[in-house]
Amino acid sequence: MVKDGKGPVAGASVIVKNTTLGTVTDGDGRFRINAASDATLIVNFLGYKTSEMPVNNRSFIEVTLAEDSQMLDEVVVTALGIKRDRKALGYGVAEVKGDLLTKAKETNVINSLAGRVPGLVISQTAGGPSGSTRVILRGSTEMTGNNQPLYVIDGVPLDNSSYGSAGTYGGYDLGDGISSINPDDIESMSVLKGPAASALYGSRASHGVILITTKKANAKERFSVEYNGTLTVDTQLAKWDDIQEIYGMGSGGSYSYDAVSNTNKSWGPKADGNNMLRYFDGVERPYLIIPDNTSGFFRTGLTTTNSLIVGTSNNRSGMRFSYTNMHNRDIVPNTYMDRNTFSLRANTSISKVDLDFGTTYTREDVKNRPALGDSKANIGKNLMTLATTYDQAWLRNYENENGEYANWNGMDPYNVNPYWDIYKNRNVSAKDSFRLNGKAVWNIGRHLKLQGTVGAELNWFEFEDFKAATTPGYESGYLQRSNAFNRMYNAELLALYNNTWGDFDLNATLGANFYKVDNKTTITTAQDMKVRDVIALMSFNEISVEENSYRKQINSVFGAVNFGWKHMLYLDMTLRCDQSSTLPVNNNTYVYPSFSGSFIFSELINAKKALPYAKVRVSWAQVGSDTNPYQLGLVYTKSKFAYPGYTIGHINNNTVPNRNLKPTRTNSFEAGLELRFLNSRIGLDLTYYAQVSRDQIMSMASSDTSGYPYQLINAGEIENKGIEIALNTRPVQAGDFSWDLNLNFSKNNNKVRSLVAGTDMFELEKATWLDVQVAAKVGENYGSLMGPDFLRNDNGDILIDPKTGLPQYDRSNHVLGNASWDWTGGIVTTFTYRKLALSAIFDVKVGADLYSMSARAAYESGKSPETLQGREGWYASEQKRQEAGIPKGDGWVATGGFVAPGVIDNGDGTFRRNDIYIDPEDYWFSVCRNAPSMFIFDNSYVKCRELTLSYQVPTDWSRGVLKGLTVSLVARNPFIIWKNIPNIDPDSNYNNTTGMGLEYGSLPSRRSFGFNINVKF
């Protein structure tokens, strides 16, 4: 048997020294070979030092390989969890070791990959620690859907469903499945980016795969205990600090003594403190600027993560148990998240059968997830426009003596008191998740084995959203409870064969897979609250119930053949057939192949020090994908109305069913070059890829005569082309000191090549009340920002209305920007001196645009510094008009004010520069409502994602009690080095689906500073 410090090593080469006799180990590290009693075996596996072992008349030999730090990263986990030499792969694979994720922890572990992997783009919503994460590999390949990769944990797919997200009219980010994965349980993550890499996982992996391998008990230790703890203090990262501090609350240069109107407008006079205003709480206060009048709302947050791991093992069996508690006290008051994870993994060998079982239970409780987008309860939106002379602290008096909403602003339903929202209103969620998996391997012979894997994931999720009576917009009270029960089952059977004949290697795989999803959701909505002291459904008069289901099944068979020659030339071929329940019977079975190859030409070059490794690879692959269920036939529902003795029902489809629907097809080509220089101190990985997805399954607008607003069709073509570069270096190696510097870069062009005939735009998301859309536009990159714009002449000058002095507008759709990144990159650097290490990660994203409705609100409310221009002149002009006794609009020509940039049409083909003075408040109100291009920003940024300073404390003094002690200072997202957009974090989309490029009312992002301690016994 061949093993390492963690267990059996599959695929190791075993050769009888000075002969041509050889074999390879099976999946459990076992091998059989005929050798003389005095022979010596040479055992070799990439990532480990070569071992020579004398036979010495033994019939059973156990070889333990030692890791080779210089070559360890050459062994990667690939599809179906098979470890392979990187040199044998004809496609790009990136791997991240789990140890890198356990110091400066994120509440969602996948966020820790930001900046580490080329071609992997991570974005977050403004939903805070409990929010979801969007991961895109090499661009979007489908017009609709989330375009996210498949997550596979120990051979079993993960249910990464989101139970809710903000949309056109707001909502909540209810998190995702990957956020519940415990980083302390992760051995490694492998990122399979292209269809060739993920082909064996079928249509579920059409957007790539992220493989997560969890930890087993350490085979070298009979009993071990480990504690890993992290504590961080969380504060605001981005602040609303780019505001004017001259003019105060009011409108038109004036204010009311009773300050219950215009509370979210800063168009009043200069705030000089000479006058007193009476506020809703009856207190008179001076009319003065309140510097940074919103930051006081937020508190200092705290996040603690504590893990206890116990492991035990002997020669044939092992067991590992871990418990982790993560508690987050967010910077938003009365908001928290608590997550407890229990994980058990056990493995054993019984004769020729190897067994491996794992189970994980996670309980997550969240209170007061932030409302996002255009939600009335979006506290970020309601705070950021608060007038410059208004202190948020005054709003702590959010209720009157009867416990009802205190009218601080005329009962404005779109600017609800944020303290009322978090203390009187509330939302809570509870999630229970069970994940189970088991694997059995029957080693039939030296070259053949059967492997069966089964897995299930059961998720219960409950979300309750309560609005207290008298809340503006919900005056009679409101309660909604969503209960979801999601079940996912996966079963897989594999036959695996490997053999070696002289210079040739052969590995073959034949398999079948069964995958089923069965989800049920019940939404109960209650209104008209009569018993106001008890938050329960029985306290309401009106109750309605909505039930939904989601069922889907995919049956698959697949095979793969891998050839190798002289460990230098490799060829892989795969073929998979999927049968999906969501497609018509005549089109529900689809077959797709992949081919890949690699050539390690450094084997022909005698320059082991200068160029120890050089490889060229190429691949072509096709993958199909299906759609959501219930798209093929009519769906019926019961009407709330009835006729005596009869039940009335009606068709509930919004989309015309399509019985001829076909799967979407994606064809991909990839070529790459991998080089290592100077004893592997410099590594370069270059990749070019191109993929085209055809027959997109889209819901397009339909004719009114059809009776349906939409029709489901196969149409459209989307293309991704790009390059990826990874440069890994060790510039300095001097004695006990070393410096590692790793750079990555990726550029992807995500073009929409065609849609249905006669259509050049497909709407993905919309800010309805501003007529701004995110769209797939033919000829543009996916994610075009569309909307009305200024009316311009042939020179591009804005045309001004000579009667009003305001700009004129073109109401037709224009391409105003694009939400796709031009390029992304990352920098990972580590300085090491003996047992001390300093590491940093920087994340770079360049070129995407963001329509910031927060910025738009800053201009419309008069808080932006750019709204100062023209105010003094206009107010002075108005004073002169009033002194002259001339009514407003009665022939008075303003003597000062704001002059809108643009030209006036002279009517004879010529234009003159605009010179009409207008009220700057009128100008900004006009452009905020009609010209969204003014608020589309270049969303580029450079962030420091992580800083860690670690010290491995010597443990000699413990006399063997301690096996390891590491203390670290850690920081996550400590600072933004550069950004263009004011006041908000660039990572502030309000959903992680197709609403990219839209932002509204984003809360400040968080930065974390703290320490980590890891102790091993």
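Biologist: How near do the axes of H4 and H6 come, and at what angle do they cross?
Modeller: The axes of helix H4 (residues 853-860) and H6 come within 9 Å and cross at roughly 160°; axes are lines fitted to C-alpha atoms, for helices over the stretch in contact, with angles from 0 to 180 degrees between N-to-C directions. This is a predicted model, where local features need pLDDT of at least 70, side-chain atom pairs count only at pLDDT 80 or more, and totals for chains, interfaces and linings use all residues. Residues are numbered from 1 along each chain as its sequence is written, and side-chain values use heavy atoms, without hydrogens and water.

Biologist: Is H4 roughly parallel or antiparallel to H6, then?
Modeller: Because of that angle, H4 is roughly antiparallel to H6 (over 145 degrees).

Biologist: Which residues meet there?
Modeller: From H4, the residues are Arg856, Tyr859 and Glu860. In H6 they meet Trp924, Phe925, Cys928 and Arg929. Contact means heavy atoms within 4.5 Å.

Biologist: Now the sheets. In what order do the strands of the one with E10 lie?
Modeller: That open sheet has 5 strands in the order E10-E16-E17-E13-E14, with mixed pairing. Strands are DSSP runs of at least two residues, helices of at least four. Its edge strands are E10 (93-97) and E14 (156-157), each of which pairs on one side only.

Biologist: How many bridges link E10 and E16?
Modeller: E10 and E16 (residues 186-192) are paired in the antiparallel sense over 5 bridges; a pair needs at least two. Within this pair, valine 93 stands opposite leucine 192 in E16.

Biologist: And what about the sheet with E4?
Modeller: It is an open sheet of 4 strands, ordered E4-E3-E5-E6, and the pairing is antiparallel. At its edges are E4 (22-24) and E6 (51-54). Neighbouring strands are turned by 20° against each other on average, direction ignored.

Biologist: Which residue stands opposite isoleucine 42?
Modeller: Isoleucine 42 faces glutamate 52 in E6. Strand E5 (residues 40-44) is joined to E6 by 4 bridges.

Biologist: Changing topic, where does threonine 637 lie?
Modeller: Threonine 637 belongs to strand E34 (residues 636-643). Its relative accessible area is 29%, so threonine 637 is partly exposed (between buried, under 20%, and exposed, over 50%, with a 1.4 Å probe and protein chains only).

Biologist: What does threonine 637 touch, beyond its neighbours within four places in sequence?
Modeller: Threonine 637 is in contact with Gly649, His650 and Asn652, leaving those neighbours aside. Glutamate 674 is 37 residues apart from threonine 637 along the chain, and their C-alpha atoms are separated by 58 Å.

Note on methods:
Parallel < 35°, antiparallel > 145°, perpendicular 65-115°, else oblique.
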